[in-house]
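Hi,

Here is the structure I promised to send over.

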Amino acid sequence: MKFIPLLPLFLILFYHPISLAKGTYQTPESFIEQALQAPKPKAKVFWIDDNAQTVIETILAHRFNKMRIRYWQKNNETVWILNEIGKESPITVGIHVKNQQIVQTKVLIYRESRGDEVRHSFFTDQFKSAKLNNDLTLNRHIDGITGATLSVRALTKLSRIALWLDATIQSKS
């Protein structure tokens with residue numbers, strides 16, 4: 001009987017929308033197949049040289065400690081599965097690039113407790129047709145979301161990186 005008054009508090013704490021923000025919305029494999037409209041091709045590897053390290057760290061504004069990035073390619077289309085920290089945890093994002101512009105940006109796995117509004121199409125559709133300027137910025141403004149500033153920044157940075165990586169690969173083809 002002493003615990004019955006605590007039941008509403010328990011329900012609020014464990015079923016509050018904030019606790020439900022984390023989730024897997026699409027597997028990377030499924031995103032790759034859907035983006036390229038074909039069975040998942042074999043992954044290719046982009047090796048991080050000194051120039052790539054500098055560009056990626058400039059965009060991220062922090063160290064980047066990977067030696068390679070996997071990507072999937074079909075003709076002039078690439079798909080990138082990238083991670084960036086929002087506030088405290090990584091956000092896994094799929095980015096489909098064709099003809100050096102973004103076709104689709106999708107949050108695949110969201111691990112933060114807040115800010116998951118970035119996964120909705122009303123936000124991610126802003127990236128469609130975005131291109132990279134010479135100064136490594138997007139050629140369009142991305143509107144933020146109140147309470148999700150760090151998640152918005154993470155997706156914007158990853159989009160810029162995917163466009164730069166795609167342009168680098170396409171220039172070598």
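Phenylalanine 46 and tryptophan 164 are both buried. Please keep in mind that this is a predicted model. The two rings form an edge-to-face aromatic pair, with 6.3 Å from centre to centre and 75 degrees between the planes. Since phenylalanine 46 belongs to strand β2 and tryptophan 164 to helix α5, the pair ties together parts that are 118 residues apart in sequence. The structure holds three aromatic pairs, and another one of them joins tyrosine 71 and tryptophan 80. Here the ring centres lie 4.7 Å apart and the planes meet at 25 degrees, so this pair is stacked.

The largest nonpolar core has 38 residues, and Trp80 and Val118 are the members that touch the most others. Which elements give two or more residues to this core? They are α3, β3, β4 (77-85), β5, β6 and α5 (149-172). Helix α5 supplies the largest share, ten residues. Apart from this core lies another, of nine residues, including Phe31, Val79, Leu108 and Ile109. In soluble globular proteins, nonpolar side chains tend to be buried together.

Now to the overall fold. The protein chain has five helices and six strands, and from the N terminus on its elements run α-β-α-β-α-β-β-β-β-α-α. The six strands make up an open sheet with antiparallel pairing, in the order β1-β6-β5-β4-β3-β2. At the edges are β1 (23-24) and β2 (44-47), each of which pairs on one side only. Within the sheet, β5 and β6 run antiparallel and are joined by eight bridges; valine 97 stands opposite isoleucine 102 in β6. Helix α5 lies across β2, β3, β4, β5 and β6, and runs at about 145 degrees to β4.

Two backbone spots may interest you as well. Most residues other than glycine have a negative phi. Alanine 61 is not a glycine, yet its phi is positive, at about 65 degrees. Alanine 61 sits in the loop between α3 (50-60) and β3 (68-74). Is alanine 61 buried or exposed? With a relative accessibility of 64%, alanine 61 counts as exposed, for which the limit is over 50%. Asparagine 99, not a glycine either, has a positive phi of about 55 degrees. This asparagine 99 is in the loop between β5 (90-98) and β6 (101-110).

Finally, some totals for the protein chain. Of its 173 residues, 43% count as buried. The accessible surface comes to about 10,100 Å², and 54% of that belongs to carbon and sulfur atoms. Among contacts between residues at least 6 apart in sequence, 57% join residues at least 24 apart.

Notes
Residues are numbered from 1 along each chain as its sequence is written. This is a predicted model: local features need pLDDT of at least 70, side-chain atom pairs count only at pLDDT 80 or more; totals for chains, interfaces and linings use all residues. Side-chain values use heavy atoms; hydrogens and water are left out. Helices (H or I, at least four residues) and strands (E, at least two) are DSSP runs, numbered from the N terminus. Buried means under 20% relative accessible area, exposed over 50%, partly exposed in between (1.4 Å probe, protein chains only). A nonpolar core is a set of buried Ala, Val, Leu, Ile, Met, Phe, Trp, Tyr and Cys residues joined through side-chain atoms within 4.5 Å. Two strands pair if DSSP finds at least two bridges between them. Contact means heavy atoms within 4.5 Å. Axes are lines fitted to C-alpha atoms, for helices over the stretch in contact, and angles run from 0 to 180 degrees between N-to-C directions. Accessible areas come from the Shrake-Rupley method with a 1.4 Å probe; for residues, only the protein chains shown count as cover. Rings of Phe, Tyr and Trp (its six-membered ring) pair if their centres lie within 6.5 Å; planes under 30 degrees apart count as stacked, over 60 as edge-to-face and the rest as tilted.
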